[in-house]
Amino acid sequence: MLRRGELPPRSETLDGMGVTHPRVFYTPGVLIHWHWWFYRKGVERSLARVVAEFRPDHVIIGFAYPDAVAVSALCRRIGMPYSVRVNGSDFRIRIQQRRFRQRVLSVLQDAPIVFCPGQALQRDLVVAGVAAQRVVAFNNGIDQALFRQRTRDEASRDNAGAQMLLPHDGLTVLFVGNLLKVKGPDRLLEAWSRTKKRTSDRTARLIMIGDGPLRQDLERRAAQLGFGGSVFFLGNRPHAEVARWMNMADCLCLPSRSEGMPNVVLEALASGLPVAAVDVGEVPFLIRNGENGFAVSRSAADVVSELARALEMCLERSWDRDAIAASVQGFSW
């Protein structure tokens with residue numbers, strides 16, 4: 001585990017695979033429209049060396065921006081076949097920004113193959129102008145040995161890392177994600193303030209798993225809203241513990257402003273946990289209202305109010321957890 005500010009080694013072996021970490025010049029908040037160029041210059045020699053030594057058949061570029069904008073031209077220069085993986089926000093956000101839009105779009109239009117998680121992102125890429133025959137959609141997989149149905153008692157006994165919050169017989173809403181604006185934890189707090197006031201369960205709690213630059217602001221806002229002991233910020237937790245929280249919770253909330261195919265939703269559903277979510281990305285293809293959760297419109301006049309109502313409906317309803325888990329049974333690697 002790297003300490004804050006510590007760089008990884010220039011090369012290392014992870015799970016038996018050689019990994020290199022080229023150094024890239026980066027200017028936080030300055031010259032942001034040239035970050036792709038700094039990236040290209042930083043990886044150019046490393047890419048050429050790896051191609052010469054390893055002689056790959058294909059290069060997979062992992063993000064639309066800055067990765068694909070930086071690396072696709074290098075691949076073409078050396079005659080190396082490549083494809084671009086688009087994940088969601090790397091396309092959806094940049095395509096709305098005037099000074100990024102054309103650069104990102106032209107790279108995707110020139111790519112031999114673009115692959116992405118889910119039908120919604122595939123549709124949006126085609127609508128933006130990427131040739132339909134070049135866009136391939138796939139479904140993310142779930143570790144179904146880890147994210148599975150267990151009783152609350154079983155999960156509670158195993159969740160040794162969170163014993164300070166147990167026992168708890170009341171309602172639990174769960175958030176799992178980076179504490180970034182795009183993930184919407186700020187509007188979840190506002191929605192929770194309304195849900196908490198209206199629920200009959202005075203012991204209802206919100207568990208926030210994840211970390212990020214918004215954490216201190218969110219903790220301050222939670223204090224201002226007078227949540228007291230009903231909101232817990234747990235920071236980053238191991239996957240095994242997250243899986244058990246999904247068994248102990250009554251609802252997962254995805255308040256994101258942008259997503260591709262959110263793995264956390266798939267993992268929650270595989271655990272038999274209903275989801276209240278904003279209908280970003282692949283959510284409309286995953287959530288069936290009243291069957292495995294509720295999705296609210298991202299274009300609603302008051303998303304926070306709609307999200308609060310979706311949380312209430314999830315908490316009030318008696319769910320068939322077997323049916324919820326069955327809704328994503330086919331999502332396997």
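Before comparing helices, I note that their axes are lines fitted to C-alpha atoms over the stretch in contact, and that angles run from 0 to 180 degrees between N-to-C directions. I also keep in mind that this is a predicted model.

**Entry 1, two helices.** I looked up helix 7 (residues 185-198) and helix 8 (residues 215-224), and found that they pack at an angle of about 10°, with their axes 10 Å apart. Since angles under 35 degrees count as roughly parallel, helix 7 and helix 8 are therefore roughly parallel to each other. On the side of helix 7 the contact is made by Pro-185, Asp-186, Leu-189 and Glu-190, and on the side of helix 8 by Leu-218, Arg-221 and Ala-222. Sorting the residues of this contact by class, I have 4 nonpolar, no polar and 3 charged residues.

Next I followed an open sheet formed by 4 strands, which lie in the order 3-4-5-6 with parallel pairing. Its edges are strand 3 (59-61) and strand 6 (135-138), each of which pairs on one side only. I noted that neighbouring strands of this sheet are turned by 25° against each other on average, with direction ignored.

Looking at one pair in detail, I found that strand 3 and strand 4 (residues 82-85) pair in the parallel sense over 3 bridges, and that Ile-61 stands opposite Val-84 in strand 4. Which helix packs on the sheet here, touching strand 3 and strand 4? I found helix 2 (residues 64-77), whose direction makes about 175° with that of strand 4.

I then turned to Pro-9, which is found in the segment before strand 1 (11-14). From C-alpha to C-alpha, Pro-9 and Ile-78 are 27 Å apart in space, and they are 69 residues apart in sequence.

Stepping back, I recorded 13 helices and 12 strands in the protein chain. The C-alpha trace spans about 65 × 40 × 40 Å along its principal axes. For 333 residues a compact globule would have a radius of gyration near 20 Å, and the 22 Å of the protein chain agrees with this. I noted that 48% of the 333 residues count as buried. Among the contacts with a separation of 6 or more, 65% are accounted for by residues 24 or more positions apart.

Notes. Residues are numbered from 1 along each chain as its sequence is written. This is a predicted model: local features need pLDDT of at least 70, side-chain atom pairs count only at pLDDT 80 or more; totals for chains, interfaces and linings use all residues. Side-chain values use heavy atoms; hydrogens and water are left out. Two strands pair if DSSP finds at least two bridges between them. Contact means heavy atoms within 4.5 Å. Angles under 35 degrees count as roughly parallel, over 145 as roughly antiparallel, 65 to 115 as roughly perpendicular and the rest as oblique. Ala, Val, Leu, Ile, Met, Phe, Trp, Tyr, Cys and Pro count as nonpolar, Asp, Glu, Lys and Arg as charged, and the others, Gly among them, as polar. The radius of gyration is taken over C-alpha atoms; the globule rule is 2.2 Å times the number of residues to the power 0.38. Buried means under 20% relative accessible area, exposed over 50%, partly exposed in between (1.4 Å probe, protein chains only).
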